[in-house]
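These are my notebook entries on one structure. I went through a few helices, a surface patch and a pair of charged side chains.

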Amino acid sequence: VQNYCKVLLLLGIGMFSSDNNKDYLEVIKILAEEQRLFIIIASSDYIYGTNYQFCHGYLSKDLQNMTQEKLIQALGRVGRKNIQKSYSIRLRNNNIVEKLFMEEENKIEVRNMNRLFA
């Protein structure tokens with residue numbers, strides 16, 4: 001495990017990355033499930049497959065190229081199970097808002113599912 005990952009973990013910050021050690025990722029998953037992390041840093045690739053409930057979502061500028069489906073999945077993780085009463089979503093780029101509410105013509109996920117089942 002990289003030293004910076006250890007320091008981040010001591011600060012209550014978990015980081016999902018494909019470069020991380022599998023044991024480290026398991027620890028992060030357990031801590032996330034128990035809501036013992038202050039923040040989780042992840043790329044758009046980690047949105048699917050996580051079933052964690054978040055109180056606040058922050059989508060940074062570098063995620064403006066994520067697909068509409070991934071965006072919906074990410075925002076859908078915020079405020080589930082009604083554990084707290086205070087929730088927020090912060091979007092750092094107007095393109096993300098447009099992608100959320102406008103119809104997307106090129107749906108990568110739909111194309112992949114059609115290819116898989118055809």
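I started with Phe 101, which I found in helix H4. Helices (H or I, at least four residues) and strands (E, at least two) are DSSP runs, numbered from the N terminus. The model is predicted, so local features need pLDDT of at least 70 and side-chain atom pairs count only at pLDDT 80 or more, while totals for chains, interfaces and linings use all residues. Residues are numbered from 1 along each chain as its sequence is written, and side-chain values use heavy atoms, with hydrogens and water left out.

Entry on the patch. I listed Phe 101 with Ile 89, Leu 91 and Val 97 as a nonpolar patch on the surface, with about 350 Å² of accessible area together. Strand E4 (88-91) and H4 are the elements that give two or more residues to this patch. Patch residues have over 30% relative accessible area and no salt bridge; like charges are joined within 9 Å, and nonpolar side chains (Val, Leu, Ile, Met, Phe, Trp, Tyr) within 5 Å. Areas come from the Shrake-Rupley method with a 1.4 Å probe, and for residues only the protein chains shown count as cover.

Entry on helix packing. I looked up H3 (residues 68-76) against H4 (residues 94-101): the angle is about 100° and the axes are 9 Å apart. That makes H3 roughly perpendicular to H4 (65 to 115 degrees). Axes are lines fitted to C-alpha atoms over the stretch in contact, and angles run from 0 to 180 degrees between N-to-C directions. From H3, Gln 68, Leu 71, Ile 72 and Leu 75 meet Ile 96, Lys 99 and Leu 100 of H4 (contact is heavy atoms within 4.5 Å).

Entry on charges. I noted a salt bridge between the side chains of Glu 26 and Lys 29, at 3.6 Å, N to O. The rule is a side-chain nitrogen of Lys or Arg within 4 Å of a carboxyl oxygen of Asp or Glu, and the count by it is two. Glu 26 and Lys 29 are three residues apart in helix H2 (residues 22-33), so about one helical turn separates them.

Technical notes:
Parallel < 35°, antiparallel > 145°, perpendicular 65-115°, else oblique.
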